[in-house]
Amino acid sequence: MSTTSRITATVVAAAVGISALAACGTPGGGSDAKTVTLVSHDSFQVSKSVLAAFEKESGYKVKMLKGGDAGKAVNQAVLTKGNPQGDVFFGIDNTLLSRGLDEGLFTPYRAKGLEKVPAALQLDKGEHRVTPLDYGDICVNYDRGYFDRHKIAPPKTFDDLIKPRYKGLLVTENSATSSPGLAFQLGTLAKYGEKGWQDYWKKLKANGVEVVDGWDQAYNDRFSGSAAGKAKGDKPLVVSYASSPPAEVLGKKPAPKEAPTGVAAGTCFRQIEFGGLLKGAKNEKGGKALLDFLLSKEFQEDVPLKMFVNPAREDAKVPELFTKYGTTIDQPATLAPGTITKNREQWIKQWSSLVLK
């Protein structure tokens, strides 16, 4: 899942009152019992009015610490475990979840409203160390304008991406540093299996795939279809989200018939994002209240047009813009969490050796 106004995060981040890490002084936002600190990846967003309502009702002031891509944020949480930077972590997903659980990052807590979340999203249901908060599908996105101008049909599947007509057109994220990048790799594993995925990546590399550190660089700097990047990139294919196209339409008047970007539906991998109460949190009571808020209907209904992913609660209403311009993936690729846990580090090392050298 993942996550954004992943498209507009760089534009609106300052508007939601993000506090710089250095400004927080001591871990967890200090000893102020009325301050609760949320640690997340860069793509976390919430409407000011929704956050203000929580702060008014709960009496807590929320500080936010953003630590780069989800992979980097999780790495930082591991490095500071036992003495965390904040009280709640948002944004660990199913590709990285086992690492966070194995490292003992979280204190069990059953958030209010969990009964409204489908069982398929509750990957830690028995222990409640983490709470599912949203989900999305990692897929290749394409710039419709580029393919219209060049009179080329956009790719639809993983197999298409290694065809000569798409040589040098794709940018993806590093599997070792980016959760979307890792999810894309896992999608190829689900498609081609243990015996075939490395051969596929050899062909993808030979076909000129570009690899960058994280989603923001891939989408906003390198992708030619990014409005936030003002279309300065030269790659018409990018690994992003099935729900990214609505972000390219948001605020446009008159509303177009279709989004300027599309989704290659045969390249998708399901991502589920979780939040958890950090073990050693300075404000555990406030952290529990914050987790309840993140699973509340108010926050969940704010998620689609702020982070462009699907809310975890099945009773949360989804805006028409999100459903009209987004792409519903009926059969995304998946891998069992236990399989990811067992093989993730080895797969990343193999991918790095194969693709980055």
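A residue is taken as buried when its relative accessible area is under 20%. In this predicted model, Phe308 has a relative accessible area of 2% and is therefore buried. Phe308 sits in the loop that runs between helix 10 (297-307) and strand 10 (310-311). Its backbone also deserves a look, for Phe308 has a positive phi, near 55°, in a residue other than glycine. His128 is another non-glycine residue with a positive phi, here about 60°. His128 belongs to the loop between strand 4 (106-107) and strand 5, and its relative accessibility of 18% means that His128 counts as buried too. A further backbone feature is the cis peptide bond between Lys253 and Pro254, with omega at about -5°. Pro254 is found in the loop between helix 8 (245-249) and strand 9 (261-278).

Attention now turns to the strands. Strand 6 (residues 170-173) is covered on both faces. Leu170 and Thr172 are buried on one side, and Val171 and Glu173 are buried on the other. Strand 6 runs parallel to strand 8 (residues 237-241), to which two bridges join it, and Val171 has Val238 as its bridge partner in strand 8. Strand 6 also pairs with strand 7 (residues 210-212), again in the parallel sense, over three bridges. In strand 7, Val171 has Glu210 as its bridge partner. Between strand 6 and strand 7 the chain passes through helix 6, and this β-α-β crossover is right-handed.

Strand 8 is itself mostly covered, with five of its five residues buried. Besides its parallel pairing with strand 6, strand 8 is joined by five bridges to strand 5 (residues 131-143), and those two strands run antiparallel. Within this pairing, Val140 has Val239 as its bridge partner in strand 8.

What about the aromatic side chains? The model holds 15 aromatic pairs. Phe184 and Trp201 are both buried. Trp201 pairs with Trp351 as well: the ring centres are 5.7 Å apart and the planes lie at 85°, so this pair is edge-to-face. Trp351 is buried, as is Trp201. These rings belong to one aromatic cluster, made up of Phe158, Phe184, Tyr192, Tyr200, Trp201 and Trp351.

A ring contact of another kind involves Lys34, whose charged end sits over the ring of Tyr60, 5.4 Å from the ring centre.

The largest pocket has a volume of about 350 Å³. It is lined by 14 residues, and those closest to its centre are Phe54, Glu57, Asp292, Phe293 and Ser296. Helix 2 (48-58) and helix 9 (284-294) are the elements that give two or more residues to this lining. Helix 2 supplies the largest share, with six residues.

How values were computed
Residues are numbered from 1 along each chain as its sequence is written. This is a predicted model: local features need pLDDT of at least 70, side-chain atom pairs count only at pLDDT 80 or more; totals for chains, interfaces and linings use all residues. Side-chain values use heavy atoms; hydrogens and water are left out. Rings of Phe, Tyr and Trp (its six-membered ring) pair if their centres lie within 6.5 Å; planes under 30 degrees apart count as stacked, over 60 as edge-to-face and the rest as tilted. Buried means under 20% relative accessible area, exposed over 50%, partly exposed in between (1.4 Å probe, protein chains only). A charge sits over a ring if NZ of Lys or CZ of Arg is within 6 Å of the ring centre and within 35 degrees of the ring normal. Helices (H or I, at least four residues) and strands (E, at least two) are DSSP runs, numbered from the N terminus. Two strands pair if DSSP finds at least two bridges between them. A crossover is right-handed if, with the strands pointing away from the viewer, the path from the first strand over the helix to the second runs clockwise. On a 1 Å grid over the protein atoms alone, a cavity is a set of points where a 1.4 Å probe fits but cannot get out, and a pocket is an open set with protein on both sides within 12 Å along at least five of seven lines; lining residues have an atom within 4 Å of a point. Grid points are joined across faces, edges and corners, and a volume is the space filled by probe spheres set on the points.
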